[in-house]
Amino acid sequence: MDGALQLPMVDLSSTDRTLLADSLRKACVENGFFYLINHGVEEELIQRVFEGSRRFFGLSLEEKMKLLRQNHRGYSPLYSEKLNSTDNPKGDPKESIYFGAPEDMSPYGNLNQWPSQEILPCWRSTMEEYYRRILWVGKRVVSLMAVALNVDEDFFEKVGAFDPPTALLRPLHYPVAGEIDSSDKHMHGAGAHTDCGMITILVTDGVPGLQVCRDKLQKPQIWEDVHHLKGALIVNIGDMMERWTNCLFKSTLHRVTQPTQDRYSVAMFFDPSPDCVVECLKSCCNESSPPRFPPVRAADYLKETYKVTYGDQC
């Protein structure tokens, strides 16, 4: 680790759309990570999300295992995810729970798994409210990316990236080292990885841990801390956006260090709809810079990624 990274800021309240798109493009090209400010998600809602998350992860393992992950929804216990076998050979010492779109937003029906109202009253309604708000923010960001890439503002809508919305909301808990096996004290909370979708929108509780490596090919790798900025969301580029842009926008390597106190975060992964075909934008290739990746159906790409991360689990 070589110190802290000063991430660029993208201000959604700006009325100069060209300037806003230019600043976003610069952030995506140079860092692949940026702070999003004046995004319109109330701090009070974010705090309710974290309060519910703390209560959920504080439940007994027996209670949480009733919601064990199926069909990419539900609870993932400690060590169930292996993002990097070099960093964490037995899996990541973190736990999480996945939620997809609320029932009225998805043609697949209600696949989400929720703890009972008696155990966690109001958490479902809070998480569904947060999902809707972050989905709205994410769509705004993606439309700005389209402008920054010199295509129509609604390009990603037209190619079916959000039809239907398949974004996954994931509250995470990174326990302190004392709560995991003593042999794991040198492990990372999350091994080094890139995200597989379009973009990820992250909010954290302020406990340090997130690090990025801006040049994943450099040896040795240089890791930089990403500091918490109160009121800001953190956005990063995923592999599919990198493929769309022919590596112009960077899907940046990142990890989470083992925290010295319990750490909570909530990530929203914007994956394209299953049948959406991801192929190089014409504005991002030419004769001297041909497409680096073949077209791929989003569901096929994600299936292979999940297979590596979760083994044979669905």
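Which residues in H2 meet which residues in H4? On the H2 side we have Leu-45, Ile-46, Arg-48, Val-49, Gly-52, Ser-53 and Phe-56, and they meet Trp-123, Thr-126, Met-127, Glu-129, Tyr-130 and Arg-133 in H4. Contact here means heavy atoms within 4.5 Å, and helices are DSSP runs of H or I, at least four residues, numbered from the N terminus.

Quick housekeeping: this is a predicted model, where local features need pLDDT of at least 70, side-chain atom pairs count only at pLDDT 80 or more, and totals for chains, interfaces and linings use all residues. Residues are numbered from 1 along each chain as its sequence is written, and side-chain values use heavy atoms, with hydrogens and water left out.

Back to our helices. The axes of H2 (residues 43-57) and H4 come within 10 Å and cross at roughly 135 degrees; axes are lines fitted to C-alpha atoms over the stretch in contact, with angles from 0 to 180 degrees between N-to-C directions. That makes H2 oblique to H4, oblique being whatever is left after under 35 degrees (roughly parallel), over 145 (roughly antiparallel) and 65 to 115 (roughly perpendicular).

Now for H1, residues 17-30. Its axis and that of H4 (residues 123-148) come within 8 Å and cross at roughly 90 degrees, so H1 and H4 are roughly perpendicular to each other. From H1, the contact uses Arg-17, Leu-20, Ala-21, Leu-24, Arg-25 and Cys-28. H4 brings Val-141, Ser-143, Leu-144, Met-145, Val-147 and Ala-148.

Key
Helices (H or I, at least four residues) and strands (E, at least two) are DSSP runs, numbered from the N terminus.
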